[in-house]
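Good morning. Please have a look at it before I start.

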Amino acid sequence: MDYKMNNDFFDEFDVLFSGGSSIIAGQNNVLGYYATQALRMESSLLLRIDKDIRDFKEEFQVFLSARDVSSAAVAQQKLNELWSLLGELPAYDILQKNDRSASHLILYMRRHPDEVDDMITPGTERNRMMNDWLKKLDNLTKPIELFIRHTKGMVADFFEELPSRRPEQYAKAYETFRWSVINAFDMQEETEDDLTELAKLQFRFPVRISYEGYHNQKGKMVLAEKIHFENLVNFLYVDFFKGMAAGNIPRQCRNCGKYFLAMGAYDTLFCNEIAPGETVRTCRKVGAHKREKVKTNSKPILQQYNRVYNRLKARKRNGLITEAQWNEQVAHIQDLKDAALKGKITDAELTAIYDKI
């Protein structure tokens, strides 16, 4: 089939990497940008894409059987709806602007019935291409969903509490993560843990690499690394790790909860988007005010905590409470202190509770 339905943007595309940026279809973005966009996606998007894939495949089979105007129109409509949703995925929104082949696919097939006959004949090259194309559609969303889940977990568990935000600390955190996975499998027989989820982690991302000259944003010719990706998720992993090596890492905003790309060596806790409930102030500005307020209010709260802590310590020293009671009560007053610092209880409420201890 001359119409290369297995070479559309959703399964194979090229990306240039140069100067801390990824270049897709001439558009530059900082390393780590696309991985962060994936983490920001609404969870319903992949479910909607799955549904549109099923709807299209059903109508596509009807068209292959009937091949009339009506079935062609419905199949093309379903394909257009699917392609519109795919355009909401990271990178595909850019690639789709330069690829309109999907919007003409069914029309092309109606105009070339002999090629369609060959395509539905088992054993032919066109039949293999069609089946591969449909199979790639079926397998499109699951790897992306796993990338999002695994990356969010890795970032939260191994990167959030780092002593600094430098690339070397990111590298150490990743090695700690990687070895924790390896050790989990080594210990599987002893612990009998369910490692089904860990087994789905990807540590290798097959690509084809070449190099070519590229005019950068300043108009200078530079040597760029050109990588051919067979699917979106391999690109997302490469973008994530190249970003990490450059000192860029996705992080969840402490104010709005959305992911943003933290860049450089700064311990940035908030994104720079308009904060929820605000019209002008960003999460970064709102967060700065909140942190200052907590800092201002923390002194009297800590003074109260220290007062009660010393009281309990004296009771333990004088044998009035046991070691177990000491541990339990200290944990309790710590929880109360944390709740007060977060504004969940007022200073007056904290004082009233502490006075009863």
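Keep in mind that this is a predicted model.

Let me begin with the pairing of strand 3, residues 27–30, where Val-30 is the bridge partner of Ser-21. Strand 3 runs antiparallel to strand 2, and four bridges hold the pairing. Two residues sit between these strands in their hairpin, and Ala-25 there has a positive phi near 50°.

On to the other partner of strand 2. Strand 1, residues 13–18, is also antiparallel to strand 2, with three bridges joining them. One of the pairs is Leu-16 with Ile-23. This hairpin has two residues between its strands, and Gly-19 takes a positive phi near 60°.

Now, which way do the residues of strand 2 point? In a regular strand, side chains alternate between the two faces of the sheet. Here, Ser-21 and Ile-23 point one way, while Ser-22 and Ile-24 point the other way. All four of these residues are buried.

Helix 8 gives the most, with three.

And what classes of residue line the largest cavity? Seven are nonpolar, three are polar, and none is charged.

That is the end of my part. Thank you.

Technical notes:
Residues numbered from 1 in each chain as written. Predicted model: local features only at pLDDT ≥ 70, side-chain atom pairs only at ≥ 80, totals over all residues. Heavy atoms only, no water. Buried < 20%, exposed > 50% of the residue type's maximum accessible area, 1.4 Å probe, protein only. Pairing = 2+ DSSP bridges. Nonpolar A, V, L, I, M, F, W, Y, C, P; charged D, E, K, R; others polar.
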